Amino acid sequence: MMALLEIDDLHVAYGKVEAVKGVSFSVEAGQVVTLIGTNGAGKTSTMRTLSGLLKPAAGQVLFDGERIDGRPAHEIVALGLAHSPEGRRIFPRMTIEENLLLGAYLRRDGDGIDKDVARAYDMFPVLGERRGQAAGTLSGGEQQMLAMGRALMSRPRLLLLDEPSMGLSPIMTRQVMTTVAELRREGMTILIVEQNALAALALADHGHVMETGRLVLSGPASELLHDEEVRKAYLGED
């Protein structure tokens, strides 16, 4: 069975500094896969390359068998890969609803767009209650909900979530992770980068540990969750 996403020997560099050094892994349809690791491990550079925001120095990325590395971001979105980026990157002066509609900018099915906006409000009721409010006035957790809702507006086949719990309170983190779990139950394929390794591994089917641009450990998430070295390094256990 062909993987939905295949990354083969991916290298990403900023000038002479190589941030990703020969990473290879795959994501099967319907899976939740997580990349965990410390700051500077290369996780976000990997995600930005997958979504077309960066061009790889070497290697290739296949989405549903089609090579996408080096293609512009809007073409990758049109193929069915959406990215909720690190730091949310919402448009603060635009309203909540305007931000959501930007996620559907490649679509022309007005009725379907309306239904998906309504679905976003069902998923995140606080956004529906304040749909005309400037997005910049939202809390960090609410902005994360908006970023995820915006990414879902393109009806992706694969959702990239980069640090969805960054800077959030424990309560907001649980709400965001609950939403990820709901999307998983609906059959959404998700690749999630997360510093909260415990939360990510608890949700995922498969996990990869990145250090200084390389994958150093991979396996079923349940096994990584109980791996002694992973628990010491990433779960804060002695």
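**View 1. The largest pocket of the predicted model has a volume of about 530 Å³.** Its lining is made up of 20 residues, and Leu53, Val77, His83, Pro85 and Arg150 are those nearest the centre of the pocket. Four elements, α1 (43-50), α2 (73-79), β6 (81-84) and α6, each supply at least two lining residues. The largest share comes from β6, which gives three residues. Sorted by class, the lining of this pocket holds ten nonpolar, five polar and five charged residues.

**View 2. One cavity of 30 Å³ or more is counted in the model.** The space in this largest cavity is about 50 Å³. Asp116, Arg119, Ala120, Met123, Gly149, Leu152 and Met153 line the cavity. Both α4 (110-123) and α6 (140-152) supply at least two residues of this lining, and α4 gives the most, with four. By class, the cavity lining consists of four nonpolar, one polar and two charged residues.

**View 3. The largest nonpolar core contains 47 residues.** Within this core, the residues that touch the most other members are Leu100, Leu127, Leu146, Leu159, Leu183 and Ile190.

**View 4. Leu159 is shown with its contacts beyond four places in sequence.** Contacts of Leu159 are made with Ala82, Ala151, Leu152, Leu183, Met188, Thr189, Ile190 and Leu191. Of these partners, Leu183 and Ile190 are, like Leu159, listed among the core members that touch the most others.

Technical notes. Residues are numbered from 1 along each chain as its sequence is written. This is a predicted model: local features need pLDDT of at least 70, side-chain atom pairs count only at pLDDT 80 or more; totals for chains, interfaces and linings use all residues. Side-chain values use heavy atoms; hydrogens and water are left out. On a 1 Å grid over the protein atoms alone, a cavity is a set of points where a 1.4 Å probe fits but cannot get out, and a pocket is an open set with protein on both sides within 12 Å along at least five of seven lines; lining residues have an atom within 4 Å of a point. Grid points are joined across faces, edges and corners, and a volume is the space filled by probe spheres set on the points. Ala, Val, Leu, Ile, Met, Phe, Trp, Tyr, Cys and Pro count as nonpolar, Asp, Glu, Lys and Arg as charged, and the others, Gly among them, as polar. A nonpolar core is a set of buried Ala, Val, Leu, Ile, Met, Phe, Trp, Tyr and Cys residues joined through side-chain atoms within 4.5 Å. Buried means under 20% relative accessible area, exposed over 50%, partly exposed in between (1.4 Å probe, protein chains only). Contact means heavy atoms within 4.5 Å.
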